[in-house]
Structures are given as structure tokens and as C-alpha cells.
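Thanks for coming. Please have a look at the sequence and the structure before I start.

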Amino acid sequence: MNEYVLPDLPYDYGALEPHISGEIMQLHHDKHHRTYVTGANQALAGLEEARRKGDFARIAALERALAFNVSGHILHSLFWQNLSPEGGGRPNGALAGQIDTDFGSFDGFKNQMVRAAGTIMGSGWAALAWDPASARLIVVQIHDHQSETAQGSLPLMVLDAWEHAYYLQYRAEKTQFFEAVWNLWNWDDVSTRYMAARNVNLGLADVAQPRA
Ligand code: MN
């Protein structure tokens, strides 16, 4: 049986400067992300204990903790892979074409992502996701790590809008962070995820059809 573990970053903590400071990256990865890994394993252990004892008094809290911490672990692991010191620019190939089809233009997509990140009430993420049901790219505004997602969709590219992601460097100017990160997107990584996601089949017939 597996347990969750904290993955290494694919670059040094200071590699994303000046756009994201090394201090933020170290705290974000080694403290915040690690907390979600620990929390996910603790939730699984708590559920195991509940089953063993036949005591489900804390079931709702445990299930919420499981969803919150597993989702936090997955989103952070994805965020690190989505960024690169050699990132930025624009996607090309099939991903670029799909963005144009589904958002009208790259700028339309970017504006939607930045606005989605900037208008979260509380903590959350903006995410580019592939929706297998409609075979479309969508942007979702995730609350915390796990709420307001479109079930069945796969996150391809995620933008952390929690204060811990930017506050030490950008203070109250969070929109500057949501713009700066466009110098770091690893489009090769996002494209690879997009091509793989296209092969996912939810096995749901008649849930979408071409617009009349
Ligand atoms: Mn975070």
C-alpha cells in the first residue's frame, strides 16, 4: 500500500527569481506542501482506525481532511512541474490550437486565468483543465484545494492563489504575481499533460454534442 511523499522540486529554490523568490519557494515547498502530505497520510490513518474500531464519529471531518490534503498535495506537485526557469512565452502545436478553439485566443485564455485567480474569495487556485466529457479545455476557479472543481476534468496547469504563494514578495499586489508567473510556465509540461489527458475516456455516452 502506498503513502504520500513530498516530491523534490525539478529546480533549485532560487531558480524562479526574480518572479518568485527563493524564500517563498522554500517555505511553500518544504513547509506548506509538506503539511498537506502529512495531513493526507494522517487522514488515511484516521479512516483506517475508524474502520478498525467501528467508530465513525469523526467521519465527516476525516473525509474533508482527506479531500483537502490529497488535493493540496496533487495541486502543489503539479504547480512545481508547470513552472520552469526556462519557461514563459506561449504554447505551440496542438495545445495552442486547442486554446484558440476553446477560449477564442491565447489572450482570452490568459485573461480568464488571471481574473479567476484574482477574484477567489478566500484561498484557492485557478486551473486550466481538460474536460473529457465535452472534449474542451476549461478554466476552473478552485476554492481551497478541492471545491468548485468540475468532476471528471483533469487539471493541466494550475496557479496557486493562496496568500502563502506570493505575500512575502508581492504583499497586497497579488495581480502582479498572477502576471509574473507567465514568465515561468513550462509549456512543454502543459502540452504533454494535454496530449495524455486527451486519451481519457469517462465512458459516459451522450453528455455532450456539437453545438447546433
Ligand atoms: Mn500553495
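What spacing do the donors of the manganese ion follow along the chain? The pattern is H-x47-H-x83-D-x3-H. Keep in mind that this is a predicted model.

In residue terms, the protein donors are His 28, His 76 and His 164, each through NE2, and Asp 160 through OD. They lie 1.9 to 2.1 Å from the manganese ion. Take two of these donors, His 76 and Asp 160. His 76 lies in helix H2, residues 59-82, and Asp 160 in strand S3, residues 154-160, so the pair ties together parts that are 84 residues apart in sequence. Are these two buried or exposed? His 76 has 0% relative accessibility and counts as buried. Asp 160 is buried too, with a relative accessible area of 0%.

Now to the pockets. The largest pocket holds about 240 Å³ of space. Where does it lie? Domain 1, 21-82, and domain 2, 93-197, both give residues to its lining, so the largest pocket lies between them. Helix H2 gives the most to that lining, with three residues. Strand S2, 136-143, also supplies at least two. Among the lining residues are Ser 71, Ile 74, Leu 75, Val 140 and Ile 142. By type, the lining has six nonpolar residues, six polar and no charged.

The second largest pocket has about 180 Å³ of space. Its lining includes Met 1, Asn 2 and Glu 3, along with Glu 48 and Arg 51. Here the division is four nonpolar, two polar and three charged.

That is the last slide.

Notes. Residues are numbered from 1 along each chain as its sequence is written. This is a predicted model: local features need pLDDT of at least 70, side-chain atom pairs count only at pLDDT 80 or more; totals for chains, interfaces and linings use all residues. Side-chain values use heavy atoms; hydrogens and water are left out. Donors are N, O and S atoms within 2.8 Å of the metal (3.2 Å for Na, K and Ca); water is not among the atoms, so sites may look incomplete. Helices (H or I, at least four residues) and strands (E, at least two) are DSSP runs, numbered from the N terminus. Buried means under 20% relative accessible area, exposed over 50%, partly exposed in between (1.4 Å probe, protein chains only). On a 1 Å grid over the protein atoms alone, a cavity is a set of points where a 1.4 Å probe fits but cannot get out, and a pocket is an open set with protein on both sides within 12 Å along at least five of seven lines; lining residues have an atom within 4 Å of a point. Grid points are joined across faces, edges and corners, and a volume is the space filled by probe spheres set on the points. Ala, Val, Leu, Ile, Met, Phe, Trp, Tyr, Cys and Pro count as nonpolar, Asp, Glu, Lys and Arg as charged, and the others, Gly among them, as polar. Domain bounds come from an automatic or database domain assignment.
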